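Here's a quick walk through the model shown below.

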Amino acid sequence: MSHPHDDPAGAVLARARALCEDMTFAEVRAWKGANPGRLVIGHMPIYSPRPLLEALGCLPIAIHGGGDQLEIIRGDSYFQSYICHIPRSTIELAVSGRLDAFDGMLFPSICDVIRNLGGMWQMLFPEKYSAYLDLPQNFDMAVGGRFYAQELRRIAGELTARGASALDQARLRDAIRDENARRAALRALDEVRVETPWLIRASEAYVAARAGGLMLAREHTALLQELVARVKERDAQPYDNVRVVVTGSFCEQPPLDLIVALEKAGCDIVDDDFMLGLRMIEGDIDEERPSGDLLDALAAAYLERGAATASRYIGAGENGAALLQKVKDCRADGVVFAAASFCDPALLDQPMLEAALGAAGVPFTSFKFAENTGQFQVIREQAGAFSDSVKLWGAA
Ligand code: SF4
């Protein structure tokens, strides 16, 4: 990448990166100071109903742990050594006072680790709001949809009791529109990656997407639109790379330098499940709803158009179909499985996904990481060998 001062996209990327790496959450504190009485609500990956939070006048902030920016001093003592890293760094953020400006947290039902983390948060911070968001695994609107809309109504009521605005359909419609616009901007960014990956590296798109977890949808849309316009001004040439889909990193995120290492190893990452929450709903959320209740629209979007991922039930016969479709849609040459160490959902799903790829003749490789992994040489060599073999023989 060229120097930020020469790079048309340098300034917007620098802003996004600074936001992502600020473990003091200075902008969140500034927002809180400028909006007294309004609530900052954090949420864990993968998916949280951000438009609902925005409609209630809250600032939703995605917490993806501390990455490689945070030294863990107390967080390790809360968890066993054989579980993933993100709960330790999240606890570290909280007990070190970095999340003091947060009024509450949502813990979506990804896995047992997040459930335990939610319980721990409740014990450590009894005065703060805390909700376990039980995302439905029944995809019938009359059953799972009804349950999920009730959950959303419960959370809205609890937040209103703590000072958030009351649930209002017109404000919810505006928030859904903002979210749909953000989604369209993300799709435009993804299209640039798929069609011209040399204009924007996956590591850059990742930073731009991740910044969106730390701002309102409308501001993020403006950032993404500017980025797409700026990268198109770049004078960049195609690389002699293989096109890969990276999958398995939907919760704990890999360090940015690991993504860069994959790129340096000859991979154009044309699709991935980093920051899946912002892309979880495929297509738009209905802005109108015959029932008149837009909570039903949020529920229907999750049920009917939620992305396939390990924490969402997928029938045995369909497992792997979405990944194969993704490979086809973005014309990928292969798949890289990159799961957080000890991530049960990702690692339990992986053999089924590998079987589907194997049956379809799609080459793949796999490795594990922790968000604070500091050594990338082995992964870089492995990815380099994979990309070379795909280039030479079309299979690893
Ligand atoms: S990284 Fe995996 S195991 Fe850890 S909290 Fe996230 S989904 Fe659960």
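## Where the ligand sits

Domain 1 (37-167) and domain 2 (239-302 + 319-396) both contribute residues to the shell around the ligand, so it lies between them. The domain bounds come from an automatic or database domain assignment. Keep in mind that this is a predicted model: local features need pLDDT of at least 70, side-chain atom pairs count only at pLDDT 80 or more, and totals for chains, interfaces and linings use all residues. Numbering starts from 1 along each chain as its sequence is written.

## The shell around the ligand

So who's in the shell? The ligand is surrounded by 13 residues, the closest being C84, C111, C251, E252 and C343; a residue is near a molecule if its C-beta atom, placed from the backbone, lies within 6 Å of it. Helices here are DSSP runs (H or I, at least four residues), as are strands (E, at least two), numbered from the N terminus.

Sorted by class, the shell has eleven nonpolar, no polar and two charged residues. Nonpolar covers Ala, Val, Leu, Ile, Met, Phe, Trp, Tyr, Cys and Pro, charged covers Asp, Glu, Lys and Arg, and the others, Gly among them, are polar.

The centres of domain 1 and domain 2, taken over C-alpha atoms, are 24 Å apart. Their contact takes 27 residues from domain 1 and 24 residues from domain 2, where contact puts the C-beta atoms, placed from the backbone, within 7 Å.

On the side of domain 1 that touches domain 2, the elements giving two or more residues are α3 (50-55), α4 (86-95) and α6 (141-161). The largest share, six residues, comes from α6. By class, this side of domain 1 has 18 nonpolar, seven polar and two charged residues.

## A parallel sheet

Four strands make an open, parallel sheet in the order β2-β1-β3-β4; two strands pair if DSSP finds at least two bridges between them. At the edges are β2 (59-62) and β4 (129-133), each pairing on one side only. Neighbouring strands are turned by 20° against each other on average, direction ignored.

Strand β1 (residues 40-43) pairs with β2 in the parallel sense over four bridges, and V40 has L59 in β2 as its bridge partner. Axes are lines fitted to C-alpha atoms, for helices over the stretch in contact, with angles from 0 to 180 degrees between N-to-C directions.

Note on methods
Contact = placed C-beta atoms within 7 Å.
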